[in-house]
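Here is a short note for a colleague opening this structure for the first time. The points can be taken in order.

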Amino acid sequence: MKLSQFKFKLPDAQVALEPPHKTFENEDGTVEKVYRRDECRLMVLHRKSQRIELFQKDDQGKDTDQPLLFRDIVNYFDDGDTLVLNDTKVFPARLFGTKEKTDAKIEVFLLRELNPEFRLWDVLVEPARKIRIGNKLFFDGDGPMVAEVIDNTTSRGRTLRFLYDCPHDEFKSELFALGSAPVPRYILDKRDVDADDTENFQTIFAKNEGAVTAPASGLHFSRELMKRLEIQGVHFSYITVHCGLGCFDPIEVEDLTKHKMSSEQMKVTAEACQVVNSAKEQGHRICSVGVSTLRATETAVGTDGLLKEFDGWTNRFIFPPYDFGFSNSMIVNFYHPESTMMMATAAFGGYELVYEAYEKALENGFKFGCYGDAMLILDD
């Protein structure tokens, strides 16, 4: 398929800058926000019957004027069905420092630690034109955290050596204390990151640290919703995919077969395989939560249609047409035009049905992006 087939006009007002929440004004005039992860809107696609649901049903099965909410997914899963979830943990990757001598403000985005012993990190810097090998960056004013640029990796990429003499755990704790939640640039350009983002930009089941952006579709799950699913007999299989910034890289070729995805580190354990393969062999529904999870399961699935243990990297790029070997349902967000996440959604749900769903989402005021609304795609 072609890049231009995934183009549409997304109004700024329909890009979610915050998760669903209610705002209250206290007696002293201060404003308080109470966030409700599972109260974003939900659209349900049935890819075989080509039906799209937006509203809750009455007792006669007819649409009401009440929109479906994410917590309504409990009505679409049965005892024995299994959700495959990404338990990666986002670390506070965005830091701001100053350049030596000039005091120019520099944004440093941590990507990955290259060498714990020598405090080497792979980072992105902005504005990159001001940062050269040998420059020193100072963090936290006159504090002890200093980094030296020792290599150029890409146009914006640099290797930093942090000059901080202490045990490694203490160093990382101090470094992360200077950082903030790495929300996407389309949010950062509209508002400042605040303390709420530290919690909101993390799934409630986050466990294994290493992601620089959140697995967005997992953000909708609240503890209450997880408990309701568990009581209903739904199982959870946890895999780890350390989400990187590759999903935000612009595609610069019209022919999608020529686009190369950045690699993401992933791990599928024997325990995760046992949970999900048992459910699949018994004919239950297997639901990948998020594009990162979908890419990982398609990387680790065997020729027998079962998930295999895996510890490595994946650069799998999923776009239509694609023959899926593992999951038969999927939960995703609504994504920006020409994004790799939208393409993976179209591959799973069918291009025409997903494009129709996006048109309905635009018409009905759905929110897009990591804090936006959700789509459930079922194989019926």
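1. Where is the place of arginine 119? Arginine 119 sits in the loop between β10 (105-115) and β11. Phi of arginine 119 is near 60°, a positive value in a residue other than glycine. Its relative accessibility is 9%, so arginine 119 counts as buried (under 20% relative accessible area; exposed is over 50%, partly exposed in between, with a 1.4 Å probe and protein chains only).

2. A word on the source. This is a predicted model: local features need pLDDT of at least 70, side-chain atom pairs count only at pLDDT 80 or more, and totals for chains, interfaces and linings use all residues. Residues are numbered from 1 along each chain as its sequence is written, and side-chain values use heavy atoms, with hydrogens and water left out.

3. The overall build. The protein has eight helices and 21 strands (DSSP runs numbered from the N terminus: helices are H or I, at least four residues; strands are E, at least two). The radius of gyration is 22 Å, close to the 21 Å that the globule rule gives for 380 residues, so the protein is as compact as a globular protein of that length (taken over C-alpha atoms; the rule is 2.2 Å times the number of residues to the power 0.38). Buried residues make up 53% of the 380.

4. The largest nonpolar core. This core has 40 residues (a nonpolar core is a set of buried Ala, Val, Leu, Ile, Met, Phe, Trp, Tyr and Cys residues joined through side-chain atoms within 4.5 Å). Met43, Leu45, Leu256, Phe334, Met343, Tyr358 and Met375 touch the most other members. Helix α7 gives the most to this core, with seven residues. Apart from it lies another core, of 28 residues, including Leu111 and Phe171.

5. Threonine 340. This residue is found in helix α7 (residues 340-349). At 6% relative accessibility, threonine 340 counts as buried. Among its contacts beyond four places in sequence are Cys247, His259 and Phe317 (contact means heavy atoms within 4.5 Å).

6. Backbone points to check. Most residues other than glycine have a negative phi, and most peptide bonds are trans. Glutamine 50 has a positive phi of about 60°. Glutamine 50 lies in the loop between β3 and β4 (51-53) and, at 45% relative accessibility, counts as partly exposed. A cis peptide bond joins glutamate 126 and proline 127, with omega about 0°. The bond from proline 320 to proline 321 is also cis, with omega near -10°.
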